[in-house]
Amino acid sequence: MKKIFFTILFTGFFNFLFASFPISEINPISEMALNSESSLFGNLSLICSIISAVSIAIGLPFIFYLLCLPAVVLGAMSLNTKGRIQGLIGLIIGLVEILFIVLALVLLFSIIGWFNNF
């Protein structure tokens, strides 16, 4: 009976708590991202995608995995800013790198599955 009472009490309390404050101000970071005339996000996207592509040639796959997702996210954020061309290039390179990761994992697991059949 105590568990039911406390569950109902806390459920009602937390529902009231989450709805008790107004959300009227805009986050300054998201406002900067939407109205920015800077090419920072595009440049960062391009830099991340190039560094991750170069890390494949050097043989450091950890950096490759680490930087291809930020390249895609920053490229998508830069599509409404001044650096949209750099962001679009970084976005495309990042998406190709993610596709490369997915295809490599599919190939790896299919080879492992093929060997398990014998």
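Biologist: Which residues in α3 meet which residues in α5?
Modeller: On the α3 side they are Gly42, Asn43, Ser45, Leu46, Ser49, Ser52, Ala53 and Ile56. They meet Gln86, Gly87, Ile89, Gly90, Leu91, Ile93, Gly94, Glu97 and Phe100 in α5. To meet is to have heavy atoms within 4.5 Å. The model is predicted, so local features need pLDDT of at least 70 and side-chain atom pairs 80 or more, while totals for chains, interfaces and linings use all residues. Residues are numbered from 1 along each chain as its sequence is written, and side-chain values use heavy atoms, without hydrogens and water.

Biologist: At what angle do α3 and α5 pack?
Modeller: About 35 degrees, with the axes 7 Å apart. Axes are fitted to C-alpha atoms over the stretch in contact, with angles from 0 to 180 degrees between N-to-C directions.

Biologist: Let's zoom out. How many helices and strands does the protein have?
Modeller: It has 5 helices and 0 strands. From the N terminus, the protein reads α-α-α-α-α. Helices are DSSP runs (H or I, at least four residues), strands too (E, at least two).

Biologist: And what share of the protein is buried?
Modeller: Of its 118 residues, 21% count as buried. That term means under 20% relative accessible area (1.4 Å probe, protein chains only).

Biologist: What about contacts across the sequence in the protein?
Modeller: Take contacts between residues at least 6 apart in sequence. Of these, 64% join residues at least 24 apart.

Biologist: Back to the helices. How do α3 and α4 cross?
Modeller: Helix α3 covers residues 40-58 and helix α4 covers residues 61-77. Their axes come within 8 Å and cross at roughly 155 degrees. So α3 and α4 are roughly antiparallel, a term for angles over 145 degrees.

Biologist: Which residues in α3 and α4 meet?
Modeller: In α3, they include Phe41, Leu44, Cys48, Ser52 and Ser55. In α4, they include Ile63, Phe64, Leu67, Cys68 and Met77. This α3 and α4 contact has 13 nonpolar residues, 5 polar and no charged.

Biologist: Ser52 keeps coming up. Is Ser52 buried or exposed?
Modeller: Buried, because its relative accessibility is 0%. Ser52 sits in helix α3.

Biologist: What does Ser52 touch?
Modeller: Leave out residues up to four places away in sequence. Then Ser52 touches Ile63, Phe64, Leu67, Cys68 and Glu97. Ser52 and Phe64 are 12 residues apart in sequence, yet their C-alpha atoms are 4.3 Å apart.

Biologist: What joins the side chains of Ser52 and Glu97?
Modeller: A polar contact of 2.7 Å. That is a pair of N or O atoms within 3.5 Å, within protein one able to donate a hydrogen and the other to accept it; sequence neighbours count only if both are side-chain atoms.

Biologist: And Ser55, buried or exposed?
Modeller: Ser55 counts as buried, at 4% relative accessibility. Ser55 is also in helix α3. It touches Leu60, Ile63 and Phe64, again leaving out residues up to four places away.

Biologist: Last pair. How do α4 and α5 pack?
Modeller: At an angle of about 140 degrees, with axes 8 Å apart. That makes α4 oblique to α5; oblique is what remains beside under 35 (roughly parallel), over 145 and 65 to 115 degrees (roughly perpendicular).

Conventions: Ala, Val, Leu, Ile, Met, Phe, Trp, Tyr, Cys and Pro count as nonpolar, Asp, Glu, Lys and Arg as charged, and the others, Gly among them, as polar. Buried means under 20% relative accessible area, exposed over 50%, partly exposed in between (1.4 Å probe, protein chains only).
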